[in-house]
Amino acid sequence: MYQDMDEPIEVVVLFQNNKMKPSRFRWNGTVYKIAEVTGDWKTDVGAYRIRHFAVVDSSSNFFQLSYDERKTSWVISKIWVE
């Protein structure tokens with residue numbers, strides 16, 4: 001199942017080699033450990049950026065997480081689960 005979303009989440013992030021790397025996130029009361037970050041990219045929104053991360057959890061579910069630099073907040077943007 002694929003679904004577009006825009007729900008706030010809490011994310012734990014590591015910084016490695018001057019790069020942001022999400023390691024886990026909480027969504028709807030459940031903590032998801034990120035097994036792999038499969039991609040990251042940025043989109044410009046005026047003077048700010050939104051950083052996007054394609055991630056896979058330990059159950060092989062795919063998520064797109066987005067960090068809005070202006071709002072300093074995270075949302076879950078897309079999910080692909082079976």
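Start by selecting threonine 72, which is exposed, with a relative accessible area of 56%. This is a predicted model. Threonine 72 sits in the loop between E5 and E6. Check its backbone: phi is near 45°, a positive value in a residue other than glycine.

Next, select asparagine 17, in the loop between E1 and E2. Phi of asparagine 17 is also positive, near 50°, and this residue is not a glycine either. The relative accessible area of asparagine 17 is 74%, so the residue counts as exposed.

**The barrel**

Switch to a cartoon view and colour by strand. Six strands make a closed barrel in the order E1-E2-E3-E4-E5-E6, and their pairing is antiparallel. On average, neighbouring strands of this sheet are turned by 40° against each other, direction ignored. Strands of a sheet pair through backbone hydrogen bonds, in either a parallel or an antiparallel arrangement.

To find one of the bridges, select serine 66 and look across to E6, where its bridge partner is valine 75.

**The core**

Now show the side chains of Ile9, Phe25, Trp27, Phe63, Leu65, Trp74 and Ile76. In the largest nonpolar core, which has 16 residues, these are the members that touch the most other members. Strands that give two or more residues to this core are E1 (2-16), E2 (19-27), E3 (30-45), E4 (48-57), E5 (62-68) and E6 (73-80). In soluble globular proteins, nonpolar side chains tend to be buried together.

Centre the view on leucine 65 and list its contacts, leaving aside neighbours within four places in sequence. Leucine 65 is in contact with Ile9, Pro22, Phe25, Ile34, Arg51, His52, Phe53, Val55, Trp74, Val75 and Ile76.

**The salt bridges**

How many salt bridges does the structure hold? There are three salt bridges to visit.

Select glutamate 10 and arginine 26 for one of them; the closest N and O atoms of this salt bridge are 3.2 Å apart. Glutamate 10 belongs to strand E1 and arginine 26 to strand E2, so the pair ties together parts that are 16 residues apart in sequence. Arginine 26 has a relative accessible area of 42%, which makes this residue partly exposed.

Move to aspartate 44 and arginine 49. They form a salt bridge in which the closest N and O atoms are 3.3 Å apart. Aspartate 44 counts as exposed, at 59% relative accessibility, while arginine 49 counts as partly exposed at 35%.

Finish with glutamate 69 and arginine 51, whose side chains meet in a salt bridge (2.8 Å, N to O). Which parts of the chain does this pair tie together? Glutamate 69 lies in the loop between E5 and E6 and arginine 51 in strand E4, so the pair ties together parts that are 18 residues apart in sequence. Glutamate 69 is partly exposed at 26% relative accessibility. Arginine 51 is partly exposed too, with a relative accessible area of 22%. Buried would need a value under 20%.

Notes. Residues numbered from 1 in each chain as written. Predicted model: local features only at pLDDT ≥ 70, side-chain atom pairs only at ≥ 80, totals over all residues. Heavy atoms only, no water. Core = buried A, V, L, I, M, F, W, Y, C linked by side-chain atoms within 4.5 Å. Buried < 20%, exposed > 50% of the residue type's maximum accessible area, 1.4 Å probe, protein only. Helix = DSSP H or I, 4+ residues; strand = E, 2+ residues; numbered from the N terminus. Contact = heavy atoms within 4.5 Å. Salt bridge = Lys/Arg side-chain N within 4 Å of Asp/Glu carboxyl O. Pairing = 2+ DSSP bridges. Axes fitted to C-alpha atoms, helices over the stretch in contact; angles between N-to-C directions.
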